Amino acid sequence: MKEIRFENVYKSYGKTEVVKGLHLTIKEGERLILLGPSGCGKSTTLRMIAGLEDITSGNLYMNGRKVNDVPSGKRDVAMVFQNYALYPHMNVVDNITYGLRVQKVPKEEMKARLHAALDMLKLKGYENRLPKDLSGGQRQRVALARAVVKKSDYFLLDEPLSNLDAQLRVSARKELVKIHELYKQTIVYVTHDQIEAMTVGNRIALMHEGKLQMLDTPENVYHRPANIFTAKFIGSPPTNVLDVDYQNDTVLIGKQPFQLNQMWVKQIDQSGADRLVFGIRPEHLEIFKTAEENALQGTVKYVENLGSGYGDLCRFTRS
Ligand code: ADP
Ligand code: MG
C-alpha cells in the first residue's frame, strides 16, 4: 500500500517544537491537503515525508515500511515547491527531463513521458524556451511537468500555485486533479488557502501550532468542525463565535434571548457541558427588515460587495 503513516511524530529545531505528536494516515491514491495558517508546521511535515528533514521522535511509514532513516532518493517521491527553482540555463525540455536522464530512463520511454506531460500541461510550442522567457504560470507548469514525468508513487506539493494569479490558479487546480485522476499517485498538498483545500482535496488535515486539529472530508470540515479553531479557520468571513449563557432551551446573545431548536437542546443537555460556545456562519444568517419571532436585533455596520452578493457580510454586534 502506498500509504503514508505518521506515528506520534515530533520535530524540533533546537528547543523549538514545530510538529507535536502527529498521528496521521494518508491513504494510497488520495489527495490529502495539509492546511493551516503560516508557521503551523505544514512544510516541515511535508519535508519529513520527502526525507529532507530528520524526524526528532516517533515513526514514519511509507508503503508499510519504516522510513525514518531512508534517504530522500530512495523514497520514490516527486516534489513541487512554491519557488519552483528551474535550471535557468536549461530549456523547457531539458528542465523536464533532467531527472530522467540522471536516472538513465531509456530514450523512447523518456520521450513518451515528456510528450504526455507537455500535452497535459499545455507546454507544446515552448519546448526550446529558457525559464526567463516564460511567464510565471508557464514556469510553474514546467515544474509540475518535471515532477509528473518521474511517475513517482508519492507526489508532494508545497504551496505550488501561490505565485500564480487568480485565474491561472483555477486552471492549474483543474490540471492537477486531472493529472491525479490519470496517475492516481498518493498526493500530499500543502496550502494555507482554504478554497484550494476545499477544491483539490479528498480529505483535509488541518494543523495549528504543530498539532492536527481535524482530519476529514472538505464537507465535514465545513459542516461539522471538530473544534473552535476549525470552525473559525474554514469559511470566509469566519464563523462568528460567542461565549453564551444557556438556560433551559435558550441562549443569551448579548442581552437577547434566542431559543434553540430541540435537536440542539437535546445534544447540549446530554453533553452535560456547563459552558457553551455559540457559532454561526455569516452565510447562514438572514436579514429581516421588520421584527420576527425568535430573531435577534442588530445593526449592519459594514457591507462588503462581493460581486455575487452582499448577503454574507452581516455580523453580530452585541446589543
Ligand atoms: P508552514 O509551512 O506551516 O508555514 P513550517 O513548517 O515552514 O510552517 O515552519 C513551522 C515552524 O518551524 C515555523 O515557526 C518556522 O519558523 C520553524 N522552522 C522551520 N524551519 C526551521 C529551521 N530550519 N530552523 C528553525 N526553525 C524552523
Ligand atoms: Mg510552508
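Which residues surround ligand 1? The shell is made up of Tyr13, Val18, Pro37, Ser38, Gly39, Cys40, Gly41, Lys42, Ser43 and Thr44, where a residue counts as near if one of its heavy atoms lies within 4 Å of the molecule. This is a predicted model, in which local features need pLDDT of at least 70, side-chain atom pairs count only at pLDDT 80 or more, and totals for chains, interfaces and linings use all residues. Residues are numbered from 1 along each chain as its sequence is written, chains are lettered from A and ligands numbered from 1 in the order in which they are written, and side-chain values use heavy atoms, with hydrogens and water left out.

By class, the shell around ligand 1 holds four nonpolar, five polar and one charged residues. Here Ala, Val, Leu, Ile, Met, Phe, Trp, Tyr, Cys and Pro count as nonpolar, Asp, Glu, Lys and Arg as charged, and the others, Gly among them, as polar. Helix H1 (residues 42-50) supplies the largest share of the shell, three residues. Helices (H or I, at least four residues) and strands (E, at least two) are DSSP runs, numbered from the N terminus.

Polar contacts to ligand 1 are pairs of N or O atoms within 3.5 Å; within protein, one atom must be able to donate a hydrogen and the other to accept it, and residues adjacent in sequence count only if both atoms are side-chain atoms. An oxygen atom of the ligand lies 2.6 Å from a polar backbone atom of Gly39, and an oxygen atom is 3.0 Å from a polar backbone atom of Gly41. In the side chain of Tyr13, an N or O atom is 3.5 Å from a nitrogen atom of ligand 1. On its own the ligand has 560 Å² of accessible area, of which the protein covers 55%; these areas come from the Shrake-Rupley method with a 1.4 Å probe, and for residues only the protein chains shown count as cover.

The protein chain as a whole contains nine helices and 14 strands. Its C-alpha trace spans about 75 × 45 × 35 Å along the principal axes. Of its 319 residues, 44% count as buried, meaning under 20% relative accessible area, with exposed over 50% and partly exposed in between (1.4 Å probe, protein chains only).

Six strands form an open sheet in the order E6-E7-E8-E3-E9-E10, with mixed pairing; two strands pair if DSSP finds at least two bridges between them. Strand E6 (77-80) and strand E10 (211-216) each have a single partner strand, so one side of each lacks a neighbour in the sheet. Strands E3 (residues 31-35) and E9 (residues 203-208) run parallel and are joined by four bridges, with Ile33 opposite Ile204 in E9.

Ala78 stands opposite Phe155 in E7. In a regular strand the side chains alternate between the two faces of the sheet. Both faces of E7 are covered, with Tyr154, Leu156 and Asp158 buried on one side and Phe155 and Leu157 on the other. Leu156 has a relative accessible area of 0%, and its bridge partner in E8 is Val188. The C-alpha atoms of Leu156 and Ile49 are separated by 8.4 Å, although the two residues are 107 apart along the chain.

Another open sheet has four strands in the order E13-E12-E11-E14, paired antiparallel. Its edge strands are E13 (256-259) and E14 (276-280), each of which pairs on one side only. Strand E11 (residues 240-247) and E14 share five bridges, and Asn240 stands opposite Ile280 in E14.
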